[in-house]
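Welcome, and please have the structure open as you read.

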Amino acid sequence: MSLFKARDWWSTILGEKEEFDQGCLCVADVDNSGSGQDKVIVGSYKGYLRIFNPHPVKPGDEVQPEDLLLEVQLREPILQVEVGKFVSGTEGLHLAVLHCRKLCVYAVSGTQGNVEHGNQYQIKLMYEHNLQRTACNMTYGPFGGVKGRDLICIQSMDGMLMLFEQESYAFGRFLPGFLLPGPLAYSSRTDSFITVSSCQQVESYKYQVLAFATDADERQDTEQRKLSSGKRLVVDWVLNIGEQALDICIVSFNPGASSVFVLGERNFFCLKDNGQIRFMKKLDYSPSCFIPYCSVQEGTTNTLIANHSKMLNVYQDVTLKWATQLPCIPVSVKVANFQDLKGVIVTLSDDGHLQCSYLGTDPSLFQAPKVDSREINYEEMNAEMKELQKIIREATKPQDILPESEKQRDVTVTAEVSPDLDEESQAIDSEVKAGAVPSVTVKITIQSRVTAQKPSLAVCVQAPLAVTCDQFVFGDLEPDSSETVVLSVFLKQNCSPPELEGTCIVSYSIPTELNPEGIPRVSHCNFSLPLKLVCCPAQPSKAANHKLTIDTNKPPISFVTIFPDFVDPSEGDQANALGFQFLTGSKTTLLASKTSQRYRIQSDQLEDLWLVTKELVRRLEGHFKKQNCKDFACTFSGSIPLQEYFELIDQHFELRLNAEKYQELLSERAVQFRAIERRLLTRFKDKTPAPLQHLDTLLEGTFREV
């Protein structure tokens with residue numbers, strides 16, 4: 001391995017198709033263990049909260065089950081996670097989780113386990129605040145110089161700073177001249193909030209000025225602001241940096257001074273706490289995230305800066321000290337201390353690649369043993385061999401606990417989807433305006449090899465799909481027994497679903513002699529639903545407003561072969577056009593070129609292209625897989641329909657929001673559009689033609705927005 005590659009100490013992939021951003025990573029002793037060992041806390045936009053305690057046996061080992069202390073789904077996207085003294089009456093650390101419209105503070109605790117699976121961790125909600133405005137980010141600290149506790153400040157998408165004194169809401173203030181939210185940090189030495197405005201200026205606001213300024217709830221119009229008893233919000237100092245900022249960090253390694261570090265799009269700034277530039281560094285790359293940390297040399301600061309070229313650079317002030325290669329592009333980077341290693345670099349990518357790494361190389365400590373020339377004592381060797389054999393026999397005795405690994409799971413769940421639609425539809429209370437709403441039967445079987453206590457089954461499909469029954473509770477399962485349930489899936493709401501997939505989850509407990517109540521376990525499986533559940537064959541349309549062309553590297557396949565459920569077999573190989581009539585009333589047409597290796601999907605509505613495109617690619621890949629063809633590929637070389645995508649989102653929100661909230665919508669949409677545009681430009685840079693999964697991501701995002 002090269003000297004300039006980050007050494008993988010511990011890594012894992014989080015979830016499936018989850019997204020993460022800058023505020024989704026935090027490291028701290030969140031369970032107050034007192035050992036000084038950090039835990040890794042990660043939140044995702046799908047609402048999953050995970051806490052890890054990495055401790056590999058040797059660097060690069062696979063993740064062990066006990067490394068994951070806790071995994072819960074909070075049902076709302078997680079924007080940011082922080083750890084601090086957020087609960088009154090105690091100086092213990094608690095976990096703050098920021099959602100779009102809610103702030104929750106949890107206590108994380110562990111219970112010592114009495115089986116090999118180790119300790120059991122859980123979270124307890126201490127308090128929560130429902131937010132009146134959509135949140136963007138947050139910061140915390142001892143605002144106003146309070147001792148032994150931390151207060152929280154949340155910045156909304158429309159420029160309001162909402163301050164919370166732990167369980168109570170304190171006040172809210174609007175930032176002057178606000179357009180778009182930027183990074184936010186708190187300096188305890190100057191008791192100030194520091195942000196970067198849309199004018200590309202670093203701005204500092206004193207907490208005392210915020211506290212005595214006009215209350216945001218009282219701000220109505222110009223005349224009322226003049227008559228208000230509060231003072232006007234005035235900035236403490238301003239510095240124009242000439243570019244947008246990605247992040248802000250406040251560093252104070254000695255009580256006499258602190259530094260404000262600002263990571264821009266092309267420059268890296270270090271400011272004094274009065275706004276004067278201490279130094280700056282021009283970067284010859286596009287940075288993605290950074291974190292300053294202490295230096296071994298007095299008067300200097302080390303900084304880690306990651307970029308979009310998968311490099312991590314180490315700077316001492318403005319001097320580059322080390323550069324190392326990462327396996328992915330991180331959106332957040334932290335420095336943590338673990339039991340076996342101090343100063344571990346923790347990185348998180350936007351698709352969930354979590355890695356703990358270190359720099360340098362592993363030295364070779366091998367030394368040739370000295371030759372022992374003494375004579376062999378066979379009696380001592382035989383005695384030692386018998387003692388070792390006795391130890392091995394004791395260690396391999398069967399125990400009344402679960403084995404460490406199982407070739408076959410104790411409880412398995414399988415789902416079988418009927419190939420045909422139900423003769424008599426089982427749809428209940430469907431809002432679809434079509435005459436007949438079809439349904440399809442799903443048969444779910446649970447098989448148990450051991451005694452399983454309190455088994456329960458949950459069946460999940462994504463709206464607007466629904467099931468006739470989604471919860472089942474069974475009696476205890478005996479060894480080598482099974483349970484079978486039958487249910488039906490149908491389209492309930494009058495819109496097309498973003499995907500035709502479902503999940504079955506079985507939760508149960510397995511008792512042991514040491515734990516008669518049972519050890520909780522979970523098994524799950526996925527199933528796919530037929531396309532005919534939401535559409536039926538129809539006559540193809542020649543004209544359409546939206547069109548996509550998919551290129552392949554193989555000759556076109558007859559629709560009779562890949563879409564036998566939508567084509568009349570009597571048409572033979574002559575069918576090169578296929579129509580799909582959705583139950584919601586819209587129509588999509590699929591065309592196969594006779595002279596080239598292309599397929600075209602067209603429809604009058606952009607969102608209707610997704611399901612047919614996904615189904616086409618899935619069936620093509622399945623067909624060529626059966627032919628043992630390993631080099632089949634689908635690509636998309638057209639222009640990305642960004643304008644149509646944005647117009648679709650605008651139309652959706654204009655129908656739902658009134659004029660009073662339109663200004664708030666504009667600010668929120670502007671930030672989202674900038675993020676979408678930056679992500680798309682990053683993904684499609686230097687990629688021609690674009691891989692098809694990039695187009696799938698765009699279309700699926702359109703569907704989920706609408």
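Here is a short tour of some strands, helices and salt bridges in this predicted model.

## An open sheet and a strand pair

Let's begin with a four-stranded open sheet, ordered β22-β23-β24-β25 and paired in the antiparallel sense. Its edges are β22 (287-294) and β25 (319-325), each of which pairs on one side only. From one strand to the next, the twist averages 20°. Strand β24 (residues 311-316) runs antiparallel to β25, and six bridges join the two.

## A capped helix

Helix α3 (residues 378-395) contains 18 residues. From first C-alpha to last it reaches 26 Å, close to the 26 Å expected at 1.5 Å a residue. The N-terminal end of α3 is capped by Asn-377, with a side-chain oxygen 3.2 Å from the backbone nitrogen of Glu-379.

Arg-619 is part of helix α5 (residues 609-626). Is this residue buried or exposed? Its relative accessibility is 14%, so Arg-619 counts as buried. Leaving aside residues up to four places away in sequence, Arg-619 touches Leu-531, Ile-562, Phe-563, Pro-564, Asp-565 and Phe-566.

Arg-619 and Asp-565 form a salt bridge, with their closest N and O atoms 3.0 Å apart. Asp-565 lies in the loop between α4 and β39 (577-582) and Arg-619 in helix α5, so the pair ties together parts that are 54 residues apart in sequence. Asp-565 itself is partly exposed, at 29% relative accessible area. A polar contact of 2.8 Å also joins the side chains of Arg-619 and Glu-615. Asp-565, Glu-615, Arg-618 and Arg-619 are linked in a salt-bridge network.

## Other salt bridges

The model has a count of 17 salt bridges. One of them joins the side chains of Asp-158 and Arg-133, at 2.4 Å from N to O. Asp-158 is in the loop between β11 (151-156) and β12 (160-165), while Arg-133 is in the loop between β9 (120-130) and β10 (135-141), 25 residues apart. Asp-158 is buried at 13% relative accessible area, whereas Arg-133 is partly exposed at 24%.

Another salt bridge brings together the side chains of Lys-554 and Asp-631, at 3.3 Å from N to O. Lys-554 belongs to the loop between β38 (546-552) and α4 (559-562), and Asp-631 to the loop between α5 and β42 (634-636), so the pair ties together parts 77 residues apart in sequence.

Technical notes. Residues are numbered from 1 along each chain as its sequence is written. This is a predicted model: local features need pLDDT of at least 70, side-chain atom pairs count only at pLDDT 80 or more; totals for chains, interfaces and linings use all residues. Side-chain values use heavy atoms; hydrogens and water are left out. The expected span of a helix is 1.5 Å times one less than its number of residues. A polar contact is a pair of N or O atoms within 3.5 Å; within protein, one must be able to donate a hydrogen and the other to accept it, and residues adjacent in sequence count only if both atoms are side-chain atoms. Buried means under 20% relative accessible area, exposed over 50%, partly exposed in between (1.4 Å probe, protein chains only). Contact means heavy atoms within 4.5 Å. Two strands pair if DSSP finds at least two bridges between them. Axes are lines fitted to C-alpha atoms, for helices over the stretch in contact, and angles run from 0 to 180 degrees between N-to-C directions. A salt bridge is a side-chain nitrogen of Lys or Arg within 4 Å of a carboxyl oxygen of Asp or Glu.
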